[in-house]
Amino acid sequence: MKLTLYIWRQKNAKSKGFMEKHQLDGVSEDMSFLEMLDVLNEQLIHEGKEPVAFDHDCREGICGTCSLTINGTPHGPEAATTCCQLHMRKFKDGDSIYIEPFRAKAFPVIKDLISDRSALDRIIQAGGFISVNTNQAQDANALPVSKEKADLAMDAAACIGCGACIAACPNASSMLFVAAKVSQFALLPQGQPERKRRVLSMVEQMHQEGFGACTNIYECEAVCPKQVSVRFIAQMNREYMGAYMKNEE
Amino acid sequence: MSIVSYLKSTILSKIVMAVTGIILLLFLIGHTLGNLQIFIGREVFNQYAYFLQSTGELLWVFRAVMLLSAILHIVTSVYLKFYNLKAKPQKYAVTNYVKATLSSRTMIWTGIAIACFLAYHLLHFTFGVTNPEHTKYNGYVEKGAGLYVEYNMPVPELIEGKYIEIPDGKILFKQKDVYKMVILGFKNPFISIVYIIGVIIVGFHLNHAIQSAFQTLGLNHPRYSPSIIAGSSTFSFLIALGLISIPVSVLLGIIGGVA
């Protein structure tokens, strides 16, 4: 396959970026998208040029590190797939591909295709945890969880925190991410003691990080590599309303 | 705590958008059903209009609620729009939407268009500013007969909403001829087209708005959500169809032959 790539290049967080054109020949359709970029980087290194910086880690679709917006869609054209698991057979010989970093005010670009997503970590620190006293573990059967609730909590917990929802949202809203984290704990007995405080603090942190407001267009759900449903946003709205009105702290 | 401190939370802002939107929608439903009475006839339609006018203080309470809802809806949406623009300062070189509908992405623009249309609508029919010749007519109902009569001669001593005996022995009841006002307005093709376009934009706005309000208020469930989304579209279509049917019928001469 022969491809024309338009790639966002940016020296550092302070410099102004631009789209750079590259021609890449001999791409196999069995390569993953990231392997295609590896080939491009080898070519650039041989030419004595600066390779393209991009985020990646597990390359098996479970860590949420890869973060490319491919032709305007975070993680590219294949549904429910991270870009590391996207294969070049999804593209045609002679295609032009636009590769950009995940964009949001709260995700400043550090270099080329890498944006700083630590805002998501700070949201988790604000309340995305449960407090467990260290001691002998209690009997597992002391906390009954229904199959339905367990399944639903697992669906929410499928979020790998990649930030594609934010990258896809025209408002850079992090509602789907926060909603997945809030719902995951709100559905389980272990999450109950901090339930109200959690949703209030995580939403407050989300505002402080500068993420936008949700307009219910559901682009987040469409690009989510783990298919987290927007029903969790509705659940978080319920959680928030209840906590806002009944919070005793 | 200021009245607009809810703006600090995007979720509370969205709830304000949903609740004020629902209040405005409830009015629109009533307004549509009420106005469709024009197809029953002049007597019924004018009596309905007279009934609304005669509610006194209640009318002002109702107008205050509508005005407050509209102001909150507009202020919150404009605030959120700027807030959201700030959250995504840099756009992509290539934009591609997978799932978002056109109506969901253009809410602020259809909203602004609706605000302009609403201002014109009020200036035209409610305040009689743009076409005062449409709103000046009165009609008279004869007591007992229940029939609507139009007197060409001016009867200035008749007071609106009171039965008065006129020299020829008939007892008349004076009310505004709202029917004639609507017919005269929509006989003008330019005004009719503005209304039809305005109502289509309202329908387009509602298509996203109704299901969005459900989501914001936390009502999303896999069993009901597909019906809510389909219902939202169908309902918006019916509202728009109902409202468009009036100017179209006037233009085609189906109603208002007499006026």
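This report describes two interfaces in a predicted model: the one between the two domains of chain A, and the one between chain B and chain A.

## Domains of chain A

Chain A comprises two domains. Taken over C-alpha atoms, the centres of domain 1 and domain 2 of chain A are separated by 28 Å. Where these domains meet, domain 1 of chain A contributes 20 residues to the contact and domain 2 of chain A contributes 19 residues.

## The interface within chain A

The size of an interface is often expressed as the accessible area that is lost when its parts come together. For domain 1 and domain 2 of chain A, the buried area is about 1400 Å², and carbon and sulfur atoms account for 65% of that area.

One salt bridge is found across this domain interface. A salt bridge also joins Asp55(A) to Arg117(A), with 3.1 Å between the closest N and O atoms. Between the two domains of chain A there are five residue pairs in polar contact, counting pairs in which both residues have pLDDT 80 or more. The side of domain 1 of chain A that touches domain 2 of chain A consists of nine nonpolar, nine polar and two charged residues.

## The interface between chains B and A

The contact between the chains involves 38 residues from chain B and 47 residues from chain A. Together, chain B and chain A bury about 3400 Å², with 55% of this area on carbon and sulfur atoms. Three residues of chain B stand out: Ile11(B), Tyr92(B) and Gln215(B) supply 19% of the area that chain B buries against chain A, which is more than any other three residues supply.

## Polar and charged contacts between the chains

Which residues form a salt bridge with an N to O distance of 2.2 Å? The partners are Lys99(B) and Glu221(A), which meet through their side chains. The count of salt bridges between chain B and chain A is one. Polar contacts between chain B and chain A amount to 28 residue pairs, with both residues at pLDDT 80 or more.

Several helices of chain B take part in the side that touches chain A: α1 (10-35), α3 (57-87), α4 (102-105) and α8 (189-216) each supply at least two residues. By class, that side of chain B holds 17 nonpolar, 14 polar and seven charged residues.

Methods
Residues are numbered from 1 along each chain as its sequence is written. Chains are lettered from A and ligands numbered from 1 in the order in which they are written. This is a predicted model: local features need pLDDT of at least 70, side-chain atom pairs count only at pLDDT 80 or more; totals for chains, interfaces and linings use all residues. Side-chain values use heavy atoms; hydrogens and water are left out. Domain bounds come from an automatic or database domain assignment. Contact means heavy atoms within 4.5 Å. Buried area is the accessible area (1.4 Å probe) that two parts lose on being put together, summed over both. A salt bridge is a side-chain nitrogen of Lys or Arg within 4 Å of a carboxyl oxygen of Asp or Glu. A polar contact is a pair of N or O atoms within 3.5 Å; within protein, one must be able to donate a hydrogen and the other to accept it, and residues adjacent in sequence count only if both atoms are side-chain atoms. Ala, Val, Leu, Ile, Met, Phe, Trp, Tyr, Cys and Pro count as nonpolar, Asp, Glu, Lys and Arg as charged, and the others, Gly among them, as polar. Helices (H or I, at least four residues) and strands (E, at least two) are DSSP runs, numbered from the N terminus.
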